[in-house]
Amino acid sequence: MSLLKNYSISRFLSLIPALIMFFLVFSETDFSFENLNFLSFNLIYILIFYWILKNPDILGYGFIFLAGIVNDVVIGLPIGVSPITYLILSGFAAYIRYLTVQPSLIYDWIVFVPSIAVTNSVYYYILRIFFDININYIALVINSGITILFYPIFGILFNFLSKIIATKRNV
C-alpha cells in the first residue's frame with residue numbers, strides 16, 4: 001500500500017511541470033512587473049529548457065508541441081510559430097544534455113544564453129518575414145535578458161522539485 005501511495009505521489013509530482021506549462025499557455029500569462037510594463041520574462045522558455053535538459057521524460061516533446069499550438073491559438077499568432085520555437089529550444093537542451101558530462105546550474109545558465117538568443121531570433125524572424133508582424137526589438141532584448149537572469153532562480157526551484165520526484169520514486 002505504501003509503495004502504491006509513493007508511486008501515486010511521485011506520478012502526480014512529475015505532472016507538475018506539464019501542468020505549469022499548460023497553465024501558462026492557456027492563461028496567456030505574461031510575467032511583467034507592475035510598475036515597469038516593459039520588464040517581463042518568458043517562464044515557459046525556462047521551464048522547457050530546464051526539464052528537457054535535466055529530465056526529458058517529465059516534459060515530453062509531444063506536450064511541448066501541443067503547448068505551442070495552444071499558445072498560438074490563445075495569443076492569436078499564426079499556427080506553428082510557437083511550436084517551432086519551443087522545439088528549437090528543446091533541441092538545444094537535448095543537445096546540451098547529450099554533451100554534458102558534469103551538469104551544473106552555472107554551465108546550464110551559460111548555455112541558456114545562446115539558446116534563448118537563437119530561439120527568440122527564429123520566433124521573431126518568422127513573425128517579421130513570413131507574416132509581416134511588427135516587432136518591438138527593444139522589448140525583445142529586454143525580455144530575453146530578464147528571462148536569462150531569472151533562469152538560476154527557477155533552476156533552483158525546479159531542481160528542488162526534481163529531487164522530490166526522484167525521492168518519492170525511489171522510496
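**Close-up views of a predicted model**

**View 1. Helix α5 is the main contributor to the lining of the second largest pocket, giving six residues.** The model is predicted; local features require pLDDT of at least 70 and side-chain atom pairs pLDDT 80 or more, whereas totals for chains, interfaces and linings use all residues. Residues are numbered from 1 along each chain, and side-chain values use heavy atoms, without hydrogens and water. A pocket is an open set of points on a 1 Å grid over the protein atoms alone, where a 1.4 Å probe fits, with protein on both sides within 12 Å along at least five of seven lines; lining residues have an atom within 4 Å of a point. The volume, the space filled by probe spheres set on the points, is about 160 Å³. Both α5 (105-130) and α6 (137-170) supply at least two lining residues; helices are DSSP runs (H or I) of at least four residues. Among the lining residues are Asn120, Tyr124, Tyr137 and Ser144. Seven are nonpolar, four polar and none charged.

**View 2. Helices α2 (residues 43-54) and α4 (residues 81-99) cross at roughly 35 degrees, their axes coming within 8 Å.** Axes are lines fitted to C-alpha atoms over the stretch in contact, with angles from 0 to 180 degrees between N-to-C directions. In α2, Ile44, Tyr45, Ile48, Phe49, Ile52 and Leu53 meet residues of α4 including Leu89 and Arg97; contact means heavy atoms within 4.5 Å.

**View 3. Phe22 and Phe63 form an edge-to-face pair, with ring centres 6.0 Å apart and planes at 85 degrees.** Rings pair if their centres lie within 6.5 Å, and planes over 60 degrees apart count as edge-to-face. Phe22 lies in α1 (residues 2-27) and Phe63 in α3 (residues 61-75), 41 residues apart.

Conventions
Nonpolar A, V, L, I, M, F, W, Y, C, P; charged D, E, K, R; others polar. Phe/Tyr/Trp six-rings, centres within 6.5 Å; stacked < 30°, edge-to-face > 60°.
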